[in-house]
Amino acid sequence: MIHSLFLINASGDIFLEKHWKSVVSRSVCDYFFEAQERATEPENVPPVIPTPHHYLISVLRHRIYFVAVIQSEVPPLFVIEFLHRVVDTFQDYFGVCTEAAIKDNVVVVYELLEEMLDNGFPLATESNILKELIKPPTILRTMVNTITGSTNVGEQLPTGQLSVVPWRRTGVKYTNNEAYFDVVEEIDAIIDKSGSTITAEIQGVIDACVKLTGMPDLTLSFMNPRLLDDVSFHPCVRFKRWEAERILSFIPPDGNFRLLSYHVSSQNLVAIPVYIKHNITFREGSSQGRFDLTLGPKQTMGKAVESVLVSSQLPRGVLNANLNPTQGTYTFDPVTKAGRTPAEVGSRSAGSDAPPARLAHTAREVERLKVNRLDMYGEKYKPFKGIKYMTKAGKFQRDDLVCITGVSTLTYETVTLEPSSIITFTSAGPN
Amino acid sequence: MQEWANQLCENRQFGSKMTDSKYFTTTKKGEIFELKAELNSDKKEKKKEAVKKVIASMTVGKDVSALFPDVVNCMQTDNLELKKLVYLYLMNYAKSQPDMAIMAVNTFVKDCEDPNPLIRALAVRTMGCIRVDKITEYLCEPLRKCLKDEDPYVRKTAAVCVAKLHDINAQLVEDQGFLDTLKDLISDSNPMVVANAVAALSEIAESHPNSNLLDLNPQTINKLLTALNECTEWGQIFILDCLANYTPRDDRESQSICERVTPRLSHANSAVVLSAVKVLMKFMEMLPKDLDYYGTLLKKLAPPLVTLLSAEPELQYVALRNINLIVQRRPEILKHEMKVFFVKYNDPIYVKLEKLDIMIRLASQANIAQVLAELKEYATEVDVDFVRKAVRAIGRCAIKVEQSAERCVSTLLDLIQTKVNYVVQEAIVVIKDIFRKYPNKYESVIATLCENLDSLDEPEARAAMIWIVGEYAERIDNADELLESFLEGFHDESTQVQLQLLTAIVKLFLKKPTETQELVQQVLSLATQDSDNPDLRDRGYIYWRLLSTDPVAAKEVVLAEKPLISEETDLIEPTLLEELICHIGTLASVYHKPPSAFVEGSRGVQHKRLPGSTGSGESVESPDTGSAAGVSEAPPAVIPSQGDLLGDLLNLDLTPTTTGPPPPPASSGMQLGAMDLLGGGLDSLMGDESEPLGGDLGGGPAIGTGFGAPPATMPASFNVPVSGGLDDLFDLGGGVGMAMGAFNPPKTVWLPAMKAKGLEISGTFVRRAGVIQMEMTLTNKAMSVMTDFAIQFNRNSFGLAPAGPLQVLSPLSPNQSIEAVLPLSTVGPVMKMEPLNNLQVAVKNNIDVFYFSCQYPISMLFAEDGKMDRQVFLATWKDIPNDNESQFQIKDCHLNSDAASNKLQGSNIFTIAKRTVEGQDMLYQSMKLTNGIWVLAELRVQAGNPNYTISLKCRAPEVSQCVFQNYETVLKN
């Protein structure tokens, strides 16, 4: 089971350690630092690192490494999932998960970690239960506590922990009963040189914010449930009912939670609503080059594509770029990290070099999951129901493109892409 | 109003300073004293603030252990937060201050009685975390109470506490009976308690490999499956991992478990999903492939695996490592999902490399075009490691999918044109492999390769290029120049390159002897005279001698046709793969190594194996039957303590003798053996040298029959005992009915494939028509063909030795099994073994020599002429001192005396007389071992009583135990 946890910031300082069993010397992290040094990018540190006596399993989130130390055979996914849960909890409690926030609330952090894990066994990881045990800090509460001498720690036995619905606490009361569901879909696609799609997939989630009194029992049905053949549910969803009737039936947790996430694979055709063409050339014997990029909508059926964002990594040798976008704005970020690429730029056949572009946009053309109706049982009042659909920026990627030898980034932003408009960027190129 | 507002302002000011970061600011020297004073303050608020400061210092690794007594003093409080904080402190420092920690015991005991279950649970939780031996004893009583607490929250916390306590003092936990209480908790009504009990038991079981802590039977499985639906995600992981250790009785049970586990595949927690995949992958083995459900299950497995790939990169990495195993075991699951493994440019490098590996595993004729197009893109990426692997992947595709080879080669050529140094080098290395797979097909590209000769600076690429030049020297006009250019810096090259250069030049010489004599002499002298590397020198000398003595032979040797390269060299050995499939989701699956290979303190990790597919109703061998004892870390007791034995066995000549029977021992030799047996070997057996042997054995005739009758060589003697046996059969007359066939024990695995590089041997001993035979099944679970089998025995108690060579005629190809029957003679060298019937065997094949030991049933050695004359029996019985008599009980045997006698007859245990006294049948029996030792037996059978009594008398009482065991096995089968 999980022995210890070390929190390490971007500059390599261990700023918090927690041991659930015996104390493991922090020198164990040296192995992690070694691996970190070898990795060219912060995110390239391998998640599982063996050391002579322990294993280090780490996740990187919000530029903080959460490094768990284990000694015996433990499912690594279990540890990684748990670490992510820790981060989610911190974020939930403090709004952000930064080194400063953690240091500011170190006692709460310690109490939380103690509640979440007992001797390496997860104890309470549901935010509902934790919040009953340890009240999240707010300025007001700190103030009140200071005056009255009361504490952050709940006096009650966390009732939810033992009930059949551990995710929901009892005795919830609201004056306004509301249930909001956000259906968010992200399209990820890889497009080749000629613009045809290699793979495209939709990652969808339904995030809910439910503020309902008592123990409501909700059912949610869809117009096109056939899209959901690859789903992961929140534990509250009754799986049998879904299997039989394709209806989501559940007693919701209180507050914000992710009801389900789903994945629509490339087998179902996913249409990409924009196209992109680009070209980069370097003039022989000159320090300048030319970069063209054309972006246009396709198959939009008259609808506008909103908030298009293109980011493109330019070869390392590019020092600056002057672009003339026909619409929108651009920024050039000359961040270059040393030692990332071997110095191949010069020998590469210039001319075919072109950066991959990352496209993010909002599109509406793909067939999306549609909610049919939402019903509530078990409580008498009439809740306010709301459902919102969004298609978010996924990771569009043109991957045909030859070499990325640098990490300076160009970002273009445009508000709306009308059906007929074509945006081009031309530049004098690198100097 | 104004006043109130002022106060609020003040408070707000105060509030803004109220964050915990202020606790970090006190770093001055006098801090400890300050804190000490604050901790002893009367004001509750001040105390709490002080404890918080202490905790904060502790968190950042400052030593605040000096404050121990002061902090512990704060423990007796009603304030829950303060209590928790003190507990936090205690857990961290109790170890370093064991004497002080005792001060806290009373509070714990008191808290365990608190009306508030939260406090009870908190106390029992903290108690277990105080890793001080002195304290643990005080914890037992409160813990016992908490394990039976009415509140499930307390019970579930207490269950984990047992595991903690076990970690500190295992003996104590066992003595106090906590393990049984824990086992009872598996049947608890609350699923969370069940889950924690399972988790605790699993952890304890890890340090007790052979204890049957998690005794899984259909009832407990049912309870676990019920709890699975209701407990938290973490509990589900523990339960699923525990389920994976169970072996269902038949395919129906297997299917019903699978059905109840599949809903877990839709869980949001990826660890739950992967544990469920493990259970399904394992239990699926037992389902018949034609079952509809089997197909359904296969289909259900794909989507959750794909979903894992849209999670965070760390999760993806672990998932990919496991998918790599799954794809090797069951490629059909993901064969249509190639595209999800396409690399995204912002994947971390470790994810990219894994995806690439899986892409190659999934590559087939159907999708090869797409894969190649992708790989070509990857080869132009930035990350050097990734690019290299992509280039290598193109080569692997060429070897794997023959139809694509041409396209792969042209892709590689394109890449070479980019002139990017490491791409070129990598491409040359893989092109060499392609030449090895498809000889005489793509040699036209050699010219292009040669153009890049100068840019190669990595040993592997240089060696590959040199190999190509040497191999195709006749087609390269300036091969000698090329190789000569390498030769200039011979001593600066790495060994790999030097060896390759030596071989290449010798090849060149054999192909174009006229122009290259000088060159070859140069390289030979460089290799043999100027080099310190023994490998290089040896190879140099071999070539030199070959060339100087017989150039034609040299040509045959050096230019011999090479075996084609195998396409699946990168696959995991099937036996290892099976074991890893049983460990999906664990560290073992991430490292692709069996847990025993790396988990520290894995005291005897048991090897797991996939269950075989069985028909309905048929029970399955438990996964580690028979090997459980042998898999401890020490090598199995093949060669016991006697060190010199090993030498003996190793020195045995293992050349596969093609001559028929072994050199027939002359009858004198045989006598010698017998004498040795009687005189030397048995001395120890008998323990009493002075007794003359001949007389003991019932006089001369017995010896006469013992050694005279079977002629010198075994094969010739085959028919003699048969007739003898038949005679005996008729001879028996009325008292005993038809003899049943001898009982032959079923085959057991003697040599698991894990230990013998893929060779598995299972076998048994039978005695057929007077000949002892070893029947073996040899199974090749490795990837390569096995040939040249030979077998040898170590010296053993009864002189068993192979009577002929091991007859394995055809080479054993992968996944093939072959039955081999080895006749045995009993004239081999003798040495007493422990146990007596232990036999140590060495088996050799083209790969290696393997050792194992097995035990033969002693009845194999009962001669067909073991029926003693009644008179002789009587005399012998009286003659053998009573000290030599041993009595045994055979329990639960429901045969009547006739049936028993019949059965025993089949194993050459002859009933000489039968007497009935007071409803008790007394059977007098005799048997004769091949070495002439007689064993006399009196078997008492009482009607209606399933327990037999057996008295054995023998000159060599050591054999009695063996004989008794044999009785037991024969009667019970």
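Axes here are lines fitted to C-alpha atoms, for helices over the stretch in contact, and angles between N-to-C directions run from 0 to 180 degrees. With that settled, helix H30 (residues 534–549) and helix H31 (residues 551–558) of chain B pack at about 135°, their axes 5 Å apart. The two are therefore oblique to each other, a label for what is left once angles under 35 degrees are called roughly parallel, over 145 roughly antiparallel and 65 to 115 roughly perpendicular. On the H30(B) side the contact (heavy atoms within 4.5 Å) involves B:Tyr543, B:Leu546, B:Leu547 and B:Thr549; H31(B) brings B:Pro551, B:Ala553, B:Ala554, B:Val557 and B:Val558. By class that makes 8 nonpolar, 1 polar and no charged residues, with Ala, Val, Leu, Ile, Met, Phe, Trp, Tyr, Cys and Pro taken as nonpolar, Asp, Glu, Lys and Arg as charged, and the others, Gly among them, as polar.

The model is predicted: local features need pLDDT of at least 70, side-chain atom pairs count only at pLDDT 80 or more, and totals for chains, interfaces and linings use all residues. Residues are numbered from 1 along each chain as its sequence is written, chains are lettered from A and ligands numbered from 1 in the order written, and side-chain values use heavy atoms, leaving out hydrogens and water.

Zooming out, chain B has 41 helices and 13 strands (DSSP runs of H or I, at least four residues, and of E, at least two, numbered from the N terminus). Of its 973 residues, 56% count as buried, meaning under 20% relative accessible area with a 1.4 Å probe, protein chains only. Helix H20(B) has 13 of its 14 residues buried, so it is largely enclosed by the rest of the structure.

Technical notes:
Buried means under 20% relative accessible area, exposed over 50%, partly exposed in between (1.4 Å probe, protein chains only).
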